[in-house]
Amino acid sequence: MTRPAALALLALVALGGGAAAAAPPLRVGSKAFAESVILGEAAGLLAASTGVPVEDRRALGGTRLCWDALASGALDLYPEYTGTLREEILKDQGAPADLEGLRAALTARGFGFIGPLGFDNRYALAMPEAVAARLDIRAISDLARHPELRVGLSNEFMRRRDGWPGLAARYALSEGRAQGLDHELAIRGLAAGDLEVTDIYSTDAEIARDGLRVLTDDRGYFPRYQAILLYRRDAAARWPAAFAVLGRLAGQIDDATMLRLNARVKIDKIPERTVAADFLAERLGVRTAHADEPRWRAFWRRAREHLALCSVSLLAAILCALPLGILSARRPRLGQLVLAAVGVVQTIPSLALLVFMIPLLGIGAWPATAALFLYSLLPIVRNTHAGLTGIPGPLRESAEALGLPRRAILWRIELPLAFGTILAGIQSAAVINIGTATLGALVGAGGFGQPIFAGIRLDDVSLILEGAIPASLLALAVQALFDLLERLFVPKGLRANPR
Amino acid sequence: MGPILNPILDPILELCGASKRYDGKTVLAPLDLQIARGETVGLIGPSGSGKTTILRLALGLLTPDAGQVRFRGAPLAAANVRAARQQMGYVVQDGGLFPHLTAAENVELMARHLGWEAGRIDARRAELVELTRFPADALERYPSHLSGGQRQRVGLMRALFLDPALLLLDEPLGAIDPLVRAELQDDLSAIFARLDKAVIVVTHDLAEAAFFARRLVLLREGRVVQQGSIETLLRAPAEPFVTRFVEAQRRLAIAPTGGRA
C-alpha cells in the first residue's frame, strides 16, 4: 500500500472509531422510541451532573440489542420495563412475577435496577374524555353497561394472547363487538367520532393531544410494564455517587408526568434532551448543563460518521474481496465455496447481523462497520471472479505463450481486462453501503440514519428527510464518482468509443 | 520413446514420441517431429486433427502424456518453459492482441517486462514496422480500431520482438479477407525467407501450407497420415485419405494460390 493510502486509511479508522478514551465513561443507552430516549437522557444528564463522564448511546435498535449490549458490557445502563424483563428477556428462566423476585434474579446475573420510576407503559383502553364523562365511564368494567359503544382495536391487540380475547373474557364483554384496524386509523376514528373505544399504550402522547380518558383496569387484567433503569452492578460499584443520585428518580415519574413528557417531544417537537433537562430542573431541582447541537454541526457530524462507516468498511472489503475473487477465479472448486460463503452472509437480515456483532464488538461504529464490510464482500468477490473468468481463453493463452510470469499476467493483462467489471462491483458495494449504513444508527453508530430513525419515532417527516435526502444524495454522488473513475481508469481500448 | 529418425543439424524443436489424450480420446498419437533453423513446416489436416495440439505442446501450454518435447536440445519442463517461450513467437488467428493495450504496447509488452532500454525498444519496433510493412501511424491505435490485416501484422511483430528461434503460427490468415490475405501471404513468405528461423504454420488450407512450406505434415485424428512435399502428397499419396483431402481442397479453391510456389 502506498503511503498516502495508508494515511487515508488510518485517518478513516480514527474517524470511524472515535478516540478511545483512557477511562471508559458511563455508557447510557435507550431504545429507539421517544419515551425510552427521554428516560435515557434524564439518567445521563443526572449522572453527568455528579461529574461522571457519560457517553450517550441513545435510540438503539430494540430490546434484544440493548440487553445484549448491557450483558456484554457495551452499555452500563438503559431504561427498561418489568413486563419486558419477564415476558422477553428472562422468559426462559421462569422470572418471578413480583418486583423483589425480579430484583433478586437480576442481582444473581450481575444486574440491578433503579425504580420503579413510577409509571406503567402497558396496554390500556381509552375513550374520548367527553364521551366518557357523559356516560360516566371510568373503568373497563363500566363498558359492560354500554354495549352500544363502538370498539376499534389495533390488529396486533386483537390477536395477542394478552390482548382482546382475554380482556373480553375477564370483563365479560362480547368478543364480537370489537373490530380490528390500524392503530393510527383507530386514533383518528376516535377523534372523528366513528369509534368510542380503542387500545393504547398508557403513556402515549395522543392521550394528552386528543383528550382521551384511560380506563382503569379494575380487574387487573393487563400485565404491568413498570419503568425501571436497568444497570450493570459493576458500573454501580465504579460510580457509587452517580448511582446514588440516579436513585432519586425512583417514584418520580407517574403516568401523567410521563405522558406530558412524551407529548412535549412528540407533539411539541421539543428535543428529548431539553425535555429531560426541564424535567430534572423542575422535579428534582437539578440544573444540568446541556447544549443542543446546532443543526449544521449535527449535519456535518452525521456526514462524517456516515462516510467513515462506508469508506472504512468498503476499503477493508476491497482489500479482502479482491484476493478472494482472484483466488476463486484461479481455483474453481474453492471459488464455488467462497462465492457460496459470501452469498450466505448477504442473506442475513441487516438488523440481525448488527445484533450478532454486539457481543463481539460492542455498540457504536465498529459493529456497523463490520456488518457493512461483510455485506460489501459479495458484489466485489463476485465481480472480480466474473471479470477474471470472463477473459477469453485465447487471450490468456497468448499471455502465457509470451513467457510472462503468472504475476505479470495478473497485473498487466487480467486485472486491466477485468477492471471495469471489478469497479462495477465496488460501485454496487459502495452504493448499497450508503443505504445500509443508515441502519448503523440502531447500534449507536450515528450517521444519516440517526435523523431517519428519530423522525420515525417522533412521527416527524421533516426529520426523516433530514437524513434520507443527504443519504440519497451521497449515494448519487458516489455513483457519479465511480462513473468518473471508470471514465478515467478503464483502459481506453475496452470502451465502446475510445477517445 | 522412438529414436530420432532424421538427425538434423541445429534442431530447434523436437517432438519425440509425444502424445496427448483428453477424456480417454487420443488427440495426438505418439509423434516424432523435428524442425531445424531456416526450415518451415506446414501442419495441415481437418479440424480436430491435432494441429493446434502440436503447437500447444511446443509452447508448453500442454504437457505430453508420453514422450518428450525438446526445445534447442533441452526437454521442456516447468523450470525452463518460461525462458523457452521467450524464444518462441506465437501468432494466433486474428492476432490474439490484448484489447486494453495499443498496437505499440502489445508489441513491446515482453521487452518492457524484461526491462529493455527505451532506445533498444524503439529501434526494434522500427525494424519490425518496416519488416511487417505496418503503418507506423497506427501504432498508437487500440486493436478494435485496426483492420484484420493490421491486427495480424501487430501479432506478428509481437511474436518477433524478442527475435525468437521458433515461430508458431496458428491459422494466421484464417480471419482475413481474400485480397489482404494474398498480400499477407506474400509478406509472410518473404519474412520467413529473410529471418532464417524455424517456422511451423498451422492451416487447414493445403494451398496456403504449400505456399509457405516445402515440408508438409498431413494429420488426421491425431495421427500423421503423410509427411513430405506437396508433390509427394499429390503423386504418392500414402492413404486414400490423402487423395480425398487434396480433392476436397481443389474443389474449394477455384484459383489455388499454391500455383505460385
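Helix α21 (residues 449-457) and helix α22 (residues 461-489) of chain A pack at an angle of about 160 degrees, with their axes 7 Å apart. Axes here are lines fitted to C-alpha atoms, for helices over the stretch in contact, and angles run from 0 to 180 degrees between N-to-C directions. Helices (H or I, at least four residues) and strands (E, at least two) are DSSP runs, numbered from the N terminus. α21(A) and α22(A) are therefore roughly antiparallel to each other, a term for angles over 145 degrees.

This is a predicted model: local features need pLDDT of at least 70, side-chain atom pairs count only at pLDDT 80 or more, and totals for chains, interfaces and linings use all residues. Residues are numbered from 1 along each chain as its sequence is written, while chains are lettered from A and ligands numbered from 1 in the order in which they are written.

Next, the sheet in chain B. Four strands form an open sheet in the order β2-β1-β4-β5, with antiparallel pairing; two strands pair if DSSP finds at least two bridges between them. The edge strands, β2 (25-36) and β5 (74-75) of chain B, each pair on one side only. Strand β1 (residues 11-22) of chain B is joined to β2(B) by nine bridges. B:Lys20 stands opposite B:Leu28 in β2(B).

Last, the two chains together. How many residues of chain B are in contact with chain A? There are 18, and they meet 19 residues of chain A; contact means that C-beta atoms, placed from the backbone, lie within 7 Å. The largest share of that side of chain B, three residues, comes from α3(B).

Key:
Two residues are in contact if their C-beta atoms, placed from the backbone, lie within 7 Å. Angles under 35 degrees count as roughly parallel, over 145 as roughly antiparallel, 65 to 115 as roughly perpendicular and the rest as oblique.
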